[in-house]
Amino acid sequence: MMSSKLFRLIWKRLSTAFTWPSATVEYPAVYRQPPHGSRVAIRNNFAECIGCHDCEKKCPVQCISIVSEDFPSKEKTPITSKGVVFEKKVTSYKIDYNQCVSCGICIDICPTEALSYEKNFIVPRQKNNLLILNLVHRPRSVRIEQGFEE
């Protein structure tokens, strides 16, 4: 009996004497990368995207759809920062996050490493059509008109 009371007293004093760091993340001050395979958005750097359609072909759930066109013959074909010649000009790059399983195959298969994970999670939406995102930059007024933003 006496030893358990003594043990509790010692434990109480020791536990209050030492402080352990918090196990939670302080959001505004600390940002950690989400773990691989998290439900995060995909970003496409169009300065490096050569329009090869490899990500669209290799996607197991076919959630990527790309519309591209040939460069005009009068125009000089651009080159990426790594010296790769563009194949086509990407006019639309849509990802359907209703179907995307965040497997990362599109990111791994990209020959120019134009695709990467964003830091932001995918924002939940009430309408399914709002989860089909066109990654080609459009002005905000156009996105609102097309119903992609509320």
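Me: Contact means heavy atoms within 4.5 Å; among contacts in the protein chain between residues at least 6 apart in sequence, what percentage joins residues at least 24 apart?

Reply: This is a predicted model, in which local features need pLDDT of at least 70 and side-chain atom pairs count only at pLDDT 80 or more, whereas totals for chains, interfaces and linings use all residues. Residues are numbered from 1 along each chain as its sequence is written, and side-chain values use heavy atoms, with hydrogens and water left out. For contacts between residues at least 6 apart in sequence, the share that joins residues at least 24 apart is 71%.

Me: What pattern does the protein chain follow when read along the sequence?

Reply: Helices (H or I, at least four residues) and strands (E, at least two) are taken as DSSP runs and numbered from the N terminus. The protein chain holds four helices and five strands. Along the sequence, they follow the pattern α-β-α-β-β-α-β-β-α.

Me: In what order do the strands of the open sheet stand?

Reply: Two strands pair if DSSP finds at least two bridges between them. Strands β2 and β3 (residues 89–96) pair in the antiparallel sense over six bridges, while three bridges join β3 to β5, also running antiparallel. The edge strands, each pairing on one side only, are β2 (64–69) and β5 (132–134). The order of this open sheet of three strands is therefore β2-β3-β5.

Me: By what angle are neighbouring strands of this sheet turned against each other on average?

Reply: Axes are lines fitted to C-alpha atoms (for helices, over the stretch in contact), and angles between N-to-C directions run from 0 to 180 degrees. With direction ignored, neighbouring strands of the sheet are turned against each other by an average of 15°.

Me: What share of the residues of the protein chain counts as buried?

Reply: Buried means under 20% relative accessible area, exposed over 50%, and partly exposed in between (1.4 Å probe, protein chains only). The protein chain exposes about 11200 Å², of which carbon and sulfur atoms supply 57%. Of its 150 residues, the share that counts as buried is 28%.

Me: How many salt bridges does the rule give?

Reply: A salt bridge is a side-chain nitrogen of Lys or Arg within 4 Å of a carboxyl oxygen of Asp or Glu. The side chains of lysine 82 and glutamate 113 meet in one at 3.2 Å, N to O, linking the loop between β2 and β3 to the loop between α3 (105–109) and β4 (115–121), 31 residues apart. Those of lysine 88 and aspartate 70 meet in another at 3.6 Å, N to O. By this rule, the count comes to two.

Me: Is lysine 82 buried or exposed?

Reply: In the other pair, lysine 88 counts as partly exposed because its relative accessibility is 31%, whereas aspartate 70 counts as exposed at 56%. Glutamate 113 is at 58% relative accessibility and so counts as exposed. Lysine 82 has 52% relative accessibility, which means that lysine 82 counts as exposed.

Note on methods:
Contact = heavy atoms within 4.5 Å. Areas by Shrake-Rupley, 256 points an atom, 1.4 Å probe, with all protein chains shown as cover.
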